Amino acid sequence: MFDDLLEEPAPTVTPAPRKTETEQERCVIAQAAVIQVFLKTIAGDSHWTNRLAALLAEHPDVPVRTMGFPEQWHEQALWKAG
């Protein structure tokens with residue numbers, strides 16, 4: 001019944017090109033935004049944004065702009081509680 005499927009060669013899958021290091025770093029803001037949306041939905045009283053902002057402030061050598069965070073990112077509506 002399925003013998004004809006076995007005779008065909010498997011399709012070739014070409015992997016997507018790898019992202020550069022800079023592109024990967026910029027993905028951090030997107031991942032953080034998804035976490036923030038989830039936390040606002042399931043744990044509205046979460047202080048995750050405050051803890052993230054404090055952590056980044058403790059480590060000024062971390063390149064937050066390269067990670068995709070704009071200046072004053074924590075002041076944008078997404079990152080505010082409620």
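Reader: Which residues make up the largest nonpolar core?
Author: This is a predicted model, and in it that core consists of I29, A32, A33, L39, W48, L52, L56, M67, F69, W73 and W79, eleven residues in total.

Reader: Which helices each supply at least two residues of this core?
Author: Helix 2, residues 21–42, and helix 3, residues 48–58.

Reader: And which helix gives the most?
Author: Helix 2, with four residues.

Reader: Take A33. What does A33 touch, leaving out residues up to four places away in sequence?
Author: A33 touches L78 and W79. W79 is also listed in the core.

Reader: Back up a bit. How many helices and strands does the chain have?
Author: There are three helices and zero strands, so the order from the N terminus is α-α-α by the DSSP runs.

Reader: Where is confidence lowest, and where is it highest?
Author: Helix 1, residues 3–7, is lowest with a mean pLDDT of 59, while helix 3 is highest at 92. The chain as a whole averages 80, and 67% of its residues score at least 70.

Reader: New topic. What share of the residues count as buried?
Author: Of the 82 residues in the chain, 16%.

Reader: And how much accessible surface is there?
Author: About 6900 Å², with 59% of that belonging to carbon and sulfur atoms.

Reader: Last one: among contacts between residues at least 6 apart in sequence, what share join residues at least 24 apart?
Author: The share is 59%.

Conventions
Residues are numbered from 1 along each chain as its sequence is written. This is a predicted model: local features need pLDDT of at least 70, side-chain atom pairs count only at pLDDT 80 or more; totals for chains, interfaces and linings use all residues. Side-chain values use heavy atoms; hydrogens and water are left out. A nonpolar core is a set of buried Ala, Val, Leu, Ile, Met, Phe, Trp, Tyr and Cys residues joined through side-chain atoms within 4.5 Å. Buried means under 20% relative accessible area, exposed over 50%, partly exposed in between (1.4 Å probe, protein chains only). Contact means heavy atoms within 4.5 Å. pLDDT is the predictor's confidence in each residue, from 0 to 100. Accessible areas come from the Shrake-Rupley method with a 1.4 Å probe; for residues, only the protein chains shown count as cover.
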